[in-house]
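Open the model in your viewer and keep the selection tool at hand. The stops below say what to select next and what is there.

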Amino acid sequence: MKFVRPAALCAALAALPHAALAAPDAASEADLKQLRNQLRELRETYQQRIDALERRLADAEARSASAVAVAAEADRTAARAESVAKASAEPAPQRPAGESAFNPAVSLIIDSKFTRLQRDPSTYRIDGFIPSGGEVGPPKKGFSLGESELAFSANIDHLFRGNARFSLAEDDGAGVVEVEEVNVESLALPAGLKMKAGRFLSGVGYINQQHPHEWDFTDAPLAYKAFFGYRLQNDGVQLRWVAPTALFMEFGAEAANGGKFPGAERHTNGAGLWTAFAHVGGDIGESSAWQAGLSHVRTHPQERAFEDGGFTNAFSGRSQTWIADFIYKWAPGGNSRDTYFKLQGEYLRRTESGSINYGGDGNDYAARLRQSGAYLQAVYQFMPRWRVGVRGDWLRSGNVDLGGLTSAELPILAGYDPTRQSAMVDWSPSEFSRLRLQVARDKSRSGESDNQVWLQYVMSLGAHGAHKF
Amino acid sequence: MIDKLILRVVALLSVLLPALPATASVNVFATVPEWAALAKEIGGDKVNVLAATTALQDPHRIEARPSLIARARSSQLVVATGADLEIGWLPLVLRESGNPAIQPGQPGYFEATSAVRLLEVPARLDRADGDVHPGGNPHIQLDPRNILAVGEALTARLAQVDPANAAAYKAGLARFAERWKAAMGRWEQAAAPLRGVPVWVQHKGFPYLSAWLGLKELGALEPKPGVEAGSAQLAGLLERQKATPARMILRPAYARPTSSDWMAERAKIPVVVLPYTVGGSSEASDLFGLFDDTLRRLLVGAK
């Protein structure tokens, strides 16, 4: 295609009329024809060029329109993505999919101690009382790893919730796993009823349901050590009912195997230990809350063995324990973050009647023991994270009638009233950790006092459930 | 003698048993005062509402008191904040109550955070980061748009729990929403001077308020959520205050004054104690009062 420069074209166009006017006479037919040809040529060339330009324009227009459409589409996609993102962020929080989504809540409690004891803990005993056989003594002198608790809990389905708690410890170099609790709880019983089955900490008293890491002192009250081997742990069933009243009222009953102190190993059908308990509680204004309870434990141990006087002896008969408990908590305005105070006490009274088989001569002696014990403790958080506490423990070996036996045959049952005073200070940087210093003067052994210093840490890893009141 | 005893027992029971008014048909157990107030606005005399905590209690640190268990036992609807705010006590109260209707997953269990979009969802979960809430920041009550969203969801839930009064709840919501939207217009107009105002916060409890009003949070005095600020942390913030000065420090009514007062004295800026929830100040007697008072205090502080 012939290329026409715009400048040349203009010059030619401008020249045409002048040329025509300049020589009207001389303009021959040939000249005119030539001019017409040139003009036609120019017009054609021009037309082609205009057409080409028009095509390009049309193309460009089409392209830009589709670009606009693409842009609009992109906008819509972005908006959709945003709304999806928003929707996914808005309602139910996203849960990880797959099998792990249904893993139970797992927590591990690490509880280690460093002790300085005046007396050898392996000789620990509570004089005046039939030994419970439980872990009642202090840990070994110096550093001790203590027990770590591993706990699992989850809803099993719409009707049941499962809890399991194991304690891991070391005994003479061998690892020991103890089943602290493995139980199933009902979730959907009507009318305020709750049922629990398996191994559980009995609902009697107040401190009995607390796990050791929840205690305000490093060890259990003396009365619990003497009467329950530090806590009453049941294999059985529990039924509880919360009354529909403004005042908190809870009633419960348990039937259990009763294979452990104050019961004894059994070889018969049915339940061997029964409990009944009631708790009431409420608020006093905004700042105070209280709870009080009364509980009863009843069992019929047969051949409950204990070592004393160099022989193995055994008690058979009826054992009944009553527990009265109360707790009072105060926090200014009910805000326990900064300061709070709590006062807690329990009174336990046990009557055992039956016979003692004395290992020295193999004979049975009629026996009746009425013994009691109590503790009272106060804990004050004087500033955030820091608490101090004092505790007093008293036991009364009380009225012991051993038939013909005397303290010469059963020296541990010689009349003696053990006492203990403890004081502690602890620091909790968060809800999940606690460091504690405790000093105690323990007169559990007749005529000997044991001055104890404890350093302890309690740490919670993983999911950690709420603590009871 | 026996007559007298029976009379006494009857008298005692008559004191204990009819603890709940007979006129209201639904007992609502609200974990915090703002949802109690909202339930009252919507439900009116059809609901009997209890707030488990007051504005002067730290909502993270409540104990599962016997009175709460007793109250949960006879409730038909639990209104919780959710997002793990009440993780330390509510699950226990619900389980101990023996009331199957209010367990999580049931219509009788409602979480306010299910109705709104949460801010500050942590990218990583580690207890070394303090008191982190995996679902996001649960302190949603200081954005009035959230209150309205929660109100709508709560109305639907009330209607589900108590279908007989569904119309009353709907009407209650309509009345409330109309007044609320008018008030929001008023608040947003009044709060115009607060836009872009730089502030420190005591606890990360105000992201929704800041997002609504356009306050510029420079940071929190607490180094980590739930961890009280130490002197080194505060000294560091004071240095930052010199470089980028904030105009005030925001503190919720329940929190300890120590660290914010220390900072305010040295930085020479005011501490604005916000009611934080209904009942946090004498003026914040209901939801409207809560926002009226919050804005008034902020505007005074920003002067």
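Which residues form a nonpolar patch on the surface, and how much accessible area do they have together? Select F114(A), F143(A), L437(A), V439(A), V453(A) and L455(A): these residues make up the patch, with about 520 Å² of accessible area together. Bear in mind throughout that this is a predicted model.

Next, colour the strands of chain A. Strand 17, residues 433-443, and strand 18, residues 450-462, each supply at least two residues of the nonpolar patch. L455(A), for instance, has its place in strand 18 of chain A.

Now show both chains and select the contact between them. On one side are 36 residues from chain B, and on the other 49 residues from chain A. The area buried between chain B and chain A is about 3,600 Å², and carbon and sulfur atoms give 52% of that area. Select R61(B), P66(B) and R73(B), which supply 17% of the area that chain B buries against chain A, more than any other three residues.

Stay on R61(B) and show side chains. The side chain of R61(B) meets that of E431(A) in a salt bridge, at 3.8 Å from N to O. Across the interface of chain B and chain A, the rule finds six salt bridges. The rule for polar contact finds 16 residue pairs across this interface, both residues being at pLDDT 80 or more.

Which helices of chain B each supply at least two residues of the side that touches chain A? Select helix 3, residues 66-73, and helix 4, residues 90-97. Helix 3 of chain B gives the largest share of that side, five residues. Colour the side of chain B that touches chain A by class, and there are 14 nonpolar, 10 polar and 12 charged residues.

Leave the interface and look at salt bridges in general. Side chains of opposite charge can pair when their charged atoms come close. Over all chains, the count comes to 42 salt bridges. Select R387(A) and D216(A), whose side chains meet in a salt bridge at 3.1 Å, N to O. R387(A) lies in strand 15 (residues 386-401) of chain A, while D216(A) lies in the loop between strand 6 (193-201) and helix 3 (222-228) of chain A, so the pair ties together parts that are 171 residues apart in sequence.

Two backbone stops remain. Select F261(A) and P262(A): the peptide bond from F261(A) to P262(A) is cis, with omega near 5°. P262(A) is in the loop between strand 8 (248-256) and strand 9 (273-284) of chain A.

Then select A191(A), in the loop between strand 5 (174-186) and strand 6 of chain A. A191(A) is not a glycine, yet has a positive phi of about 60°.

Key
Residues are numbered from 1 along each chain as its sequence is written. Chains are lettered from A and ligands numbered from 1 in the order in which they are written. This is a predicted model: local features need pLDDT of at least 70, side-chain atom pairs count only at pLDDT 80 or more; totals for chains, interfaces and linings use all residues. Side-chain values use heavy atoms; hydrogens and water are left out. Contact means heavy atoms within 4.5 Å. Buried area is the accessible area (1.4 Å probe) that two parts lose on being put together, summed over both. A salt bridge is a side-chain nitrogen of Lys or Arg within 4 Å of a carboxyl oxygen of Asp or Glu. A polar contact is a pair of N or O atoms within 3.5 Å; within protein, one must be able to donate a hydrogen and the other to accept it, and residues adjacent in sequence count only if both atoms are side-chain atoms. Helices (H or I, at least four residues) and strands (E, at least two) are DSSP runs, numbered from the N terminus. Ala, Val, Leu, Ile, Met, Phe, Trp, Tyr, Cys and Pro count as nonpolar, Asp, Glu, Lys and Arg as charged, and the others, Gly among them, as polar. Patches are made of residues with over 30% relative accessible area and no salt bridge: like charges are joined within 9 Å, nonpolar side chains (Val, Leu, Ile, Met, Phe, Trp, Tyr) within 5 Å. Accessible areas come from the Shrake-Rupley method with a 1.4 Å probe; for residues, only the protein chains shown count as cover.
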